[in-house]
Amino acid sequence: MEKKTKYPNPKFFRAKDNIDWKAQIENFKEVGSIIGDMVKETDWKAVKEKMKGKALNTLDRIKKEAASFKQMSTAEKADLIKNGEKQLGKLYRNGDMATVRREWRGVKDTAYDFYEWCRMWGMLLATFSKDLFPALNATFYYRWMISYMCCVGFMDKNTLGQRGTALRMSHTLIYDIFRYVAENLVFLAKCDKKNGNSAELNKKVVLVDEMTMGQIMAGFPDLLGIPYQLMPVFLVSEIDQLTCVPYIDAVESFGLPADACPVPSSECGALVVDALPHMGQCFISSSMPCDGSVMASSYMSRRFPDLPVFHLTFPVRYEYEETVEDGAEDIKACIKFIEEQTGAKWNWDAYFAAMKRFNQETAFELEKWEVNKTQYPQLIGPVYELFRKWNYEMDGGADPRVIKTCKKVNKLMLQAYERKEEPWVGKMKYRGIVWSCPAHYYANFSNWIANCWGVDILVEMESLNFTKPMETEDKEKALMDLARLYERMVMRRHTNGGYKNVVDELWAQCEAWNIDIIIMYQNVACKNMATLQGILDEQARDKGYHMIWIEHDLMDPRTVSRKTMRGKVNEYMRTVMKAEPVDPTLLEFDDENMM
Amino acid sequence: MKDLKHLIYFENLLDNADNELVEKAKADGKLAIGYTCYHIPEVLLNVDNCFSVRIRAPRTGSIDIATYYMSNYTCEYARALTERGIEGGFNFLDGLAGVDACSMMNRFYEHFELLKMNSKPNFFVTHTDMPYKVEGYSVKAYIKQMRIRLLDVMTEKYGVDTSDAAIRKAVEEHNEVCKILTEIGQMRKADNPVITGYEYHILNLVSYTCPKKYILPYLRETLEELKGRKPDAKPAFRARVAIVGSEIDDPEFTKLIEECGARVVSDRYCFGSTPGREVIELNDSEPALDQICRFYMQHSECARYISDDKVAQRRETADRLAKEYNADGIIYEQMKFCDFWGFERALVSHIMADEYKWPVLSIDRPYNAKSSGQLRTRFQAFVESLEIKRINKNGGVA
């Protein structure tokens, strides 16, 4: 019988810390003096007035809600109690960072939602308690650590309006993502020289560029691969729309042009403001997905010159079969580099075991696609998309616990399909596809568009990646497959290798998924996509698709706000589609300050 | 200084991609192969009956149609070429040797195909894959790409002889051009050079955009002329500058800098002489193609090369050139919206100032820079700052 190994390796949590408490105390003093200054400089009279205003507003809202309930017929009251509220725009209040209250989803679903809320907090506390002090101290160094405290709010935003099986599937999936987040936050804090400073763990840590898929680390089961900028930059920007703003400002002040993609800009900016932990044995940089990311590695070398770097690079014209072996050669060189830097040995058995799991997960994914292509799509919404991207890029079969989640979700999905359930009850009006990269600061946009207009996003471009089963026996072929997989990472699969991969592919997918509306994101700094806008526009017109262009600036909500993004859809739906909103309260609301 | 005999002729040649010498070569039955990037070894496009044309879009005005296709925040060089292609300005080409090195330029090649900008039956556009670092296996990958995706295509479409002997013959002619331009370029090292940066830019550009065979006699004559040229008694410049950065195919840019009182003494940019005008020394023991590919990879100064050794090489080259050519400061420039040089410029302009102790001016610029009042002001200010530094260094003596 196969020996069960725990994931992640419990030794990583138990690795001895070397906290410099003297330095910590100095930092506490500094943070304390900042807080002191803030207290002194705050206009408490204004704060009091503001709080009073909010309290009155809350009271007024409660009164209105009570009055509205009172005016309802018995049937309406029963429906509200059983199925939940339908006017979600009322949950927003101008200037607030969170909704005014949690959503009422009906008795059963609200109870379930609350259970998941408790389960999430329980998991977070349990994970952080594995080594609490470094993580606590890290919150005094890194503002992004604080943003993670809102992860439960993020969960709420992404499940807004969901009921029944759809809600259950979303919760099941997001739990796995946040378990991964919590574990990695603990590791980051433990390794960071300013915090845990665990020399024992640092020897085992290989930092991988956040844009590099994690599968290569599956062959090193004794090492800990951490997508370096994922927590401080990439993922947190989906939780808190304002996280990357200081990074972007810092690097632009440094001299970087403002037209650069906000992903590498934010990564470099995080280095400028010292928001990345100093840690690890070596770093794997990459050329992926696009030109801007290639360049960020020289900023990394500049900030941490003591960290040996390997540049993992793959052919751009990845469909040329003659280039596959070039990619495989680079993977071999990368494995050799990791072995040299860490003393660990590549383990084919461990790699193949992970790839078998990854193949299983891919099979589950394809099953989801099959269901969503039918008249009764089941698993839709932002959580599914986030899970797909995380599972494909970061987990990649490494964590055996994820298989259990996949099985559970697919079982729920098939049951719901047999019952012909509606994931957005009463809101299944249009079949939509998202193309190009979505705005991080509006990760739950597909939730809004479903709730407001009944446009159900069945799939996003970034999910449609490599689905060929990975080789799990022949070593040479396995490396070639790994190269193919990396070359088709999220975004890169479409934006690299020629226009056909993103233009012709769109039309093929529209047909396969029977799409009515294309949500065409336009990241204003993405040159790969921008250079095709005319062709996409022309061909969409020729083919008769409704294509709604939505500009955004990926991680910088100041350039194009969420409200402006929504405005583009509202305008198109009203003027071109002559449609009526499903929930008119969601047409206009203020979420500029919302996390 | 007395005007160079052929300067106006050279300037006229640069007014159109399809210039007089290109037309002459075409009339002689030769095949024009366009390219844009150093990643395509120029010498490979000059084999047999082919000749290379590094394409530009001189006298670019509106680029509205290209902007419709490629948006308004992408590389203006790529957009200007697309616009010119749509206008029919590249109909003379028989092939386009493209590289997938930067996404925006790649999209230009793709639009060339998508919008059917050239209707010749055998016309081809290649998309070759470029490595990001110089390792044994990446050199092999590059050689493979040049063979399969470029030379074999030329043979297949037009029956071009791409044998080892044909490549070596092309190298000989290429080397003569390089020797002449290197010799002329060295003249910029003098305290009071007999050639201006603008003139050198013109000479270098015609060597990239005209058939080698036809431009060589003019270059030979110009070299002899320069050997006997007398500089002005008093130098007409107040500071010497080296340029480092991305694509500059517009000599008016150099002129603008020189109008502000500087002398451009070194040109380390795409379309410049470093890299591009180094002599290729071939041995007989290895195929010429392999040697050429390795040579181009090693000499490339493209910011796309990600590996630590190439990153260091770029900084060392900038420092070396500035020293060799006695520059007072360095201008780091990038074509607006260029991702590679945007990141490189922002970081390295600090490094060159802080670690290498060079006065640095860091700018981004449009494709057509001549009319930029903002750039003029910045160049003037930079020249003044260099002048003040020199005066302070000399104890108050100008």
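**A covered strand in chain B**

Strand E4 of chain B, residues 124-129, is mostly covered, with six of its six residues buried. Buried means under 20% relative accessible area, exposed means over 50%, and partly exposed is in between, using a 1.4 Å probe and protein chains only. Helices (H or I, at least four residues) and strands (E, at least two) are DSSP runs, numbered from the N terminus.

Before going on, the conventions. This is a predicted model, where local features need pLDDT of at least 70 and side-chain atom pairs count only at pLDDT 80 or more, while totals for chains, interfaces and linings use all residues. Residues are numbered from 1 along each chain as its sequence is written, chains are lettered from A and ligands numbered from 1 in the order in which they are written, and side-chain values use heavy atoms, with hydrogens and water left out.

Back to the strand. In a regular strand the side chains alternate between the two faces of the sheet.

E4(B) pairs with strand E3 of chain B, residues 95-100, in the parallel sense over six bridges. Two strands pair if DSSP finds at least two bridges between them. Leu96(B) has Val125(B) in E4(B) as its bridge partner. Between E3(B) and E4(B) the chain passes through helix H5 of chain B, residues 103-114, and this β-α-β crossover is right-handed. Right-handed here means that, with the strands pointing away from the viewer, the path from the first strand over the helix to the second runs clockwise.

Chain B has an open sheet of four strands in the order E6-E5-E7-E8, with parallel pairing. Its edge strands, each pairing on one side only, are E6 (262-269) and E8 (360-365) of chain B. On average, neighbouring strands of this sheet are turned by 25° against each other, direction ignored. For such angles, axes are lines fitted to C-alpha atoms, for helices over the stretch in contact, and the angles run from 0 to 180 degrees between N-to-C directions. Strand E7 of chain B, residues 329-335, is joined to E8(B) in the parallel sense over six bridges, and Ile331(B) has Leu361(B) in E8(B) as its bridge partner.

Chain A also has an open sheet of four strands, with the order E6-E5-E7-E8 and parallel pairing. Here the edge strands are E6 (455-460) and E8 (546-552) of chain A, each pairing on one side only. Neighbouring strands of this sheet are turned by 30° against each other on average, direction ignored. Strands E5 (residues 430-435) and E7 (residues 517-523) of chain A pair in the parallel sense over four bridges. One bridge partner in E7(A) is Ile517(A), which faces Gly432(A) in that pairing.

**Pocket and cavities**

Now the spaces. On a 1 Å grid over the protein atoms alone, a cavity is a set of points where a 1.4 Å probe fits but cannot get out; a pocket is an open set with protein on both sides within 12 Å along at least five of seven lines; lining residues have an atom within 4 Å of a point. Grid points are joined across faces, edges and corners, and a volume is the space filled by probe spheres set on the points.

The largest pocket holds about 1400 Å³ of space. Its lining has 47 residues, with Thr5(A), Tyr7(A), Arg357(A), Ala398(A) and Pro400(A) nearest its centre. Which element supplies the largest share of that lining? H9(A) does, with eight residues.

The whole structure has 10 cavities of 30 Å³ or more. The largest cavity has a volume of about 600 Å³. It is lined by 38 residues, of which Met211(A), Phe234(A), His440(A), Glu462(A) and Val490(A) are closest to its centre. H18(A) supplies the largest share of this lining, five residues.

The second largest cavity has a volume of about 450 Å³. Among its 28 lining residues, Cys37(B), Cys102(B), Glu247(B), Cys270(B) and Cys302(B) are closest to the centre. H13(B) gives the most to this lining, with three residues.
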